[in-house]
Amino acid sequence: MAVALSAGADQDGVRTFSFMYETEVPAQPAGTGAIDVFIPLAVSDAHQAILRRDVKASILGGETIESRYGNRFWHGHVDRSDGQPITVVVDYIAQRRVFKQQRLASSNIRAYSLSEREELALSLGPDLRVPTSGPLIDSVRAALPQTDPSPLARARAIYDYVIDNMEYKKVGTGWGNGDTFWACMARYGNCTDFHALFISLARAEGIPARFEIGFPIPEDRTSGVIESYHCWTEFRLPGVGWFPIDASEAWKRKERRDFYFGTQPADRIQFTIGRDLELGDGHTTGPLKRLMSPRNYL
């Protein structure tokens, strides 16, 4: 997969960029089938505007919606391979703006209401690799510093704990699955491992938190190829809204620890949210821990 970008920012800090998501499924022997291909699609939301999205593929397909979180993806299908590779290219023009939660100074953060908890149930419960209870989670929670009981103070304590007790590195095998147990035991990994640990601890404290993933669009680059994904987290404050954090970037850029607690710069494009995703017809391998890279199934 190759992802190319061309980006620039206006005087208000809103970045407009072109972005190409390209993938190729290697050729399968003629007659092999059926083959299903799934490609995540970026959509407009409160923090980004997708001004153009153009999908070109060598097989027939169409846009559909994942049922658990409402993520959009392109699904292509062939009954039998013709012996040729399958290519999919998605061209975007997108705008991204800085997201900073502005309402804290004027808001008294209250407790979560019953209706809020019901609405945010997916952001409060466990995922397959992101538990919210058990001896390991209990032991980590016991090590968190004591703060006032407000969700904001507890979330900051968790954020600081993750940064202080994890190391960002990609060594050996086991990292990169967004696995809380791995994060607790190995104490290193990539952005998925950092944020799995944050989400487990936040949800264990009764704070809704959600996993988000896309690609980095570095602020110091105007063109080039993006080699890998990036993920981050938001947690929900009652009566305020979603609050962005990026613990792995804060670990790498320690001078910006406070900045990444509450501010999300315009240095990314988001594709999907949530874990344990089921894509419906043609998806045969069980829940996906994330949907970012293309998926293909025979």
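**View 1. The sulfur of Cys191 lies 3.2 Å from that of Cys231, its closest cysteine sulfur, which is too far for a bond.** The model is a predicted one, in which local features need pLDDT of at least 70 and side-chain atom pairs count only at pLDDT 80 or more, while totals for chains, interfaces and linings use all residues. Residues are numbered from 1 along each chain as its sequence is written, and side-chain values use heavy atoms, with hydrogens and water left out. A disulfide is taken as a pair of cysteine sulfur atoms within 2.5 Å. Searching the whole structure gives zero disulfides. Cys184 is in none, and its nearest cysteine sulfur, in Cys231, is 16 Å away. Cys191 has 2% relative accessibility and counts as buried (buried is under 20% relative accessible area, exposed over 50%, and partly exposed in between, with a 1.4 Å probe and protein chains only). Cys184 is buried with a relative accessible area of 14%.

**View 2. Asp127 and Arg203 form a salt bridge, with 3.1 Å between the closest N and O atoms.** The partners come from distant parts of the chain, 76 residues apart: Asp127 is in the loop between helix H1 (114-119) and helix H2 (135-143), and Arg203 is in helix H5 (residues 191-204). Helices (H or I, at least four residues) and strands (E, at least two) are DSSP runs, numbered from the N terminus. Asp127 and Arg203 are buried. A salt bridge requires a side-chain nitrogen of Lys or Arg within 4 Å of a carboxyl oxygen of Asp or Glu; by this rule the structure has 20 salt bridges. Another is formed by Asp267 and Arg268, whose closest N and O atoms are 2.8 Å apart. Asp267 and Arg268 are both buried.

View 3. The N to O distance between Arg156 and Asp160 is 3.1 Å. These two residues lie in H3 (residues 151-165), four residues apart, or about one turn of the helix. Arg156 also lies over the face of Phe261, 5.1 Å from the ring centre (the rule asks for NZ of Lys or CZ of Arg within 6 Å of the ring centre and within 35 degrees of the ring normal). With 23% relative accessibility, Arg156 counts as partly exposed. H3 as a whole is mostly covered, with 11 of its 15 residues buried; among them are Ala153, Ile158, Asp160 and Ile163. From first C-alpha to last, H3 reaches 21 Å, close to the 21 Å expected at 1.5 Å a residue, where the expected span is 1.5 Å times one less than the number of residues.

**View 4. Strand S3 (residues 35-40) is largely enclosed by the rest of the structure, since six of its six residues are buried.** In a regular strand, side chains alternate between the two faces of the sheet. Here Ile35, Val37 and Ile39 point one way, and Asp36, Phe38 and Pro40 the other. S3 pairs with strand S6 (residues 72-78) in the antiparallel sense over six bridges; pairing of two strands needs at least two bridges found by DSSP. Phe38 stands opposite His75 in S6. The peptide bond between Gly33 and Ala34 is cis, with omega about -10°, and Ala34 is in the loop between S2 and S3.

**View 5. The structure contains 16 aromatic pairs.** Rings of Phe, Tyr and Trp (its six-membered ring) pair if their centres lie within 6.5 Å; planes under 30 degrees apart count as stacked, over 60 as edge-to-face, and the rest as tilted. Phe19 and Phe215 make a tilted pair at 5.5 Å centre to centre and 45° between the planes. Phe19 lies in strand S2 (residues 15-25) and Phe215 in strand S11 (residues 209-216), so the pair ties together parts 196 residues apart in sequence. Phe19 and Phe215 are both buried. The pair of Trp182 and Tyr188 is edge-to-face, with ring centres 5.3 Å apart and planes at 75°. One aromatic cluster consists of Phe19, Tyr21, Tyr92, Phe215 and Phe271.

**View 6. The charged end of Lys169 sits over the ring of Tyr188, 4.8 Å from its centre.** Tyr188 counts as buried at 13% relative accessibility. Arg187 has a positive phi near 60° and is not a glycine. Arg187 is in the loop between helix H4 (180-186) and strand S10 (188-189), and counts as partly exposed at 40% relative accessibility.
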